[in-house]
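Me: I would like to learn how the words used for a protein model are tied to values. Please take me through some of them carefully.

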Amino acid sequence: MTDQRPSGGPPDLKTVFSRISRPARAVVTAGMPYANGPLHLGHLAGAHVPADIHARFMGMLIGRDNVLFVCGTDDHGSTSEVSAIKAGVPVQEFIGGIREKQKASLSRYGISLNVYSGTSTKENFPRHSEYCQNFLKTLHQNQMLYKKTSEQWFDTKLALFLPDRYVTGTCPRCANPKAYSDECDACGASYNPSELLNPVSALSDETPVLKETTHWWLDMWKVSDELKTWIESKQKTWLKSVFQEVSGTIAPSISFSNQCEETFKGLKDHLPKHKSRYAPGKQIVAQFDNLTDLASARTLLQENGVETSLVDGWAHRSITRDVKWGIPIPPGVDAELEGKTLYVWPESLIAPISFTRAALAQKGQDEASWSEYWTNPDARVYQFIGQDNVYFYVLMQGAMWLGTQADPHRLPIDGELQLTDVFSRFHLHVDGEKMSKSKGNFYSADQLVDEMGFDPDQVRHFLALLSLTEKSSNFDFETFKERNRFLAGPLNAAFEKPIAAAQSKFNGVIPEGELIGKTEKETQKILMLYLRSMERADYSQLLFMIENYARIINGLFSQYKPHDDRHDEKQRKDALYSCFFILKNVMIMLYPFVPTTMDRLRRALNLPESVFSIDELLVPIAANHQLGEQQSFFPSVEQNDSAPS
Ligand SMILES: [Zn+2]
């Protein structure tokens with residue numbers, strides 16, 4: 001194919017196109033919802049819409065056939081079990097019903113998943129549980145797991161260990177009667193479960209007892225140097241919010257009493273390179289570059305009478321539970337743990353691998369080729385999650401992946417699970433507050449379409465526009481309507497005008513012409529920003545810039561009036577030719593955000609579906625190309641009138 005892109009522009013654009021990384025294959029995952037209720041606006045904003053935008057972008061970059069976009073429900077664990085108990089329905093039935101509803105909501109929002117499965121479905125459970133059990137065996141063989149006994153609340157009536165949030169009582173600090181097992185929302189205190197006063201089981205209203213139980217714990221500390229090396233390599237490519245959170249957490253650190261400050265200062269020049277800060281509880285925390293430096297610093301401080309503790313709370317998490325509804329730990333590995341199940345968090349990290357196999361099976365391909373997506377260094381895995389889950393997806397998952405390697409003390413090689421790229425979104429607020437049913441600002445995904453009459457593309461566009469990559473952002477209905485007014489106004493005009501002018505004045509074909517005015521320069525600018533922003537999955541500034549770019553069409557119309565025979569014909573043709581050039585670029589760039597609307601634009605321009613490709617950017621629609629029929633694009637705001645204002 002010959003390159004029809006205009007030549008003579010600044011060389012950096014060609015460089016950008018050549019530098020953009022194109023993996024051979026890609027998996028995109030979206031944070032897994034619990035199967036305990038309908039999908040709401042927060043799910044869409046935090047996971048499914050950005051993941052879909054990225055999956056569509058990757059499809060334009062490497063071909064949709066090389067991309068698998070997978071998700072499913074997080075079925076196991078106490079959350080779903082308790083919801084089912086409360087609803088009085090068998091858990092499998094309860095979950096199945098919810099999953100089908102979630103699936104339907106996702107599909108009406110154009111979330112182009114290859115598969116929406118679940119961790120407990122009849123089809124997926126056998127492969128998923130087998131893989132999880134083998135995974136645990138490998139971690140155990142590699143000594144990434146250790147056993148630890150602790151006290152937990154036990155409901156004697158139901159013969160059930162109770163998760164932290166299912167025990168309430170009186171706070172030992174502030175006497176709040178609705179405190180949880182080990183923390184109080186009212187005063188922010190955390191304490192030992194045994195300190196909670198008047199404990200009550202949320203499931204039976206009985207008084208629970210503390211009972212000893214033994215679990216497997218994941219030792220992330222063991223691979224913290226490898227995690228650090230990996231995370232540091234992502235400083236330029238990951239979103240700041242992800243990078244800062246995990247790099248701060250894993251820096252090898254020790255703490256000691258601030259009474260030792262003078263001794264510490266005296267030793268400063270003898271200690272390995274470090275940073276120090278004051279920490280709550282009259283402590284000083286010192287951070288080192290690696291575990292070796294940390295160990296030698298501890299020795300030196302110890303010799304000078306400074307008792308230190310490791311700041312390693314993040315690096316130890318129990319990964320089994322006394323819950324029946326889950327994946328049993330592999331039989332024959334440890335008799336003391338028989339009957340326990342895998343904790344739902346590590347299980348959900350493994351689940352996208354099972355979903356990938358389910359997706360391949362559904363496509364009629366060999367399930368075993370999942371490894372081409374997960375263990376091949378030429379492939380990439382992109383994961384979209386809420387900010388709260390960054391710890392799990394980067395640190396816990398990273399340690400689990402490293403822990404399955406032949407040698408955990410290096411980064412993965414070909415054939416081992418490759419470390420993934422994680423993108424996060426902060427909380428979505430609605431009308432200035434956290435969504436909650438009691439405050440009346442809770443919106444399910446379906447409600448916005450069914451009851452309030454919004455078009456799914458309007459919602460997708462608005463959610464992508466919010467700055468959730470940096471901070472919690474507000475879904476404010478007044479602003480939403482204003483944005484929709486813009487889409488239906490100037491943006492629709494930019495789509496409709498060139499098509500109408502070509503239909504009425506140029507026999508429905510694109511006239512011969514040249515790119516005029518600032519068309520070329522502005523195109524180069526926007527495309528560079530587009531590729532950069534899409535790779536980082538950071539959309540808010542980008543969308544405004546694309547809109548400004550589209551408005552050049554409106555500017556060309558007022559200046560050269562291609563729809564008006566009384567003006568200079570050459571200029572009219574050049575202007576219209578340029579408008580279609582811009583329009584095609586806008587259509588391709590906006591496709592991942594508002595796919596249904598851009599597909600209508602594609603039909604109006606009479607272009608094949610293969611036009612949704614990065615390689616079609618900058619390629620003008622040929623002169624004399626016959627256009628299709630005019631279509632309607634974004635709906636007018638009057639159609640959204642039942643929405644609150
Ligand atoms: Zn309290």
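Me: Among contacts in the chain between residues at least 6 apart in sequence, what percentage join residues at least 24 apart?

Reply: The share is 75%, where a contact means heavy atoms within 4.5 Å. Please keep in mind that this is a predicted model, in which local features need pLDDT of at least 70 and side-chain atom pairs count only at pLDDT 80 or more, while totals for chains, interfaces and linings use all residues. Residues are numbered from 1 along each chain as its sequence is written, and side-chain values use heavy atoms, with hydrogens and water left out.

Me: How many helices and strands are there in the chain, and what makes the chain as compact as a globular protein of that length?

Reply: The chain has 19 helices and 21 strands, which are DSSP runs (H or I, at least four residues, for helices; E, at least two, for strands) numbered from the N terminus. The radius of gyration, taken over C-alpha atoms, is set against the globule rule, which is 2.2 Å times the number of residues to the power 0.38. For 645 residues that rule gives 26 Å, and the chain has 28 Å, which is close, so the chain is as compact as a globular protein of that length.

Me: Why is Cys 71 called buried, and why is Cys 187 called partly exposed?

Reply: Buried means under 20% relative accessible area, exposed means over 50%, and partly exposed lies in between (1.4 Å probe, protein chains only). Cys 71 has a relative accessibility of 1%, and therefore counts as buried, whereas Cys 187, at 38%, is partly exposed. Of the 645 residues of the chain, 56% count as buried.

Me: How many disulfides does the structure hold?

Reply: There are 0 disulfides, a disulfide being a pair of cysteine sulfur atoms within 2.5 Å. Cys 71 is in no disulfide, and the nearest cysteine sulfur, that of Cys 132, is 16 Å away.

Me: Which residues of H4 are buried, and why are they said to line one face of the helix?

Reply: The buried residues of H4 are Phe 94, Ile 95, Ile 98, Arg 99, Gln 102, Ser 105 and Leu 106. Seen down the axis of H4, they fall within an arc of 125 degrees, so they line one face; the arc is that of the directions from the helix axis to the C-beta atoms. The face turned away from the buried side carries the exposed residues Glu 93, Lys 101 and Ser 107.
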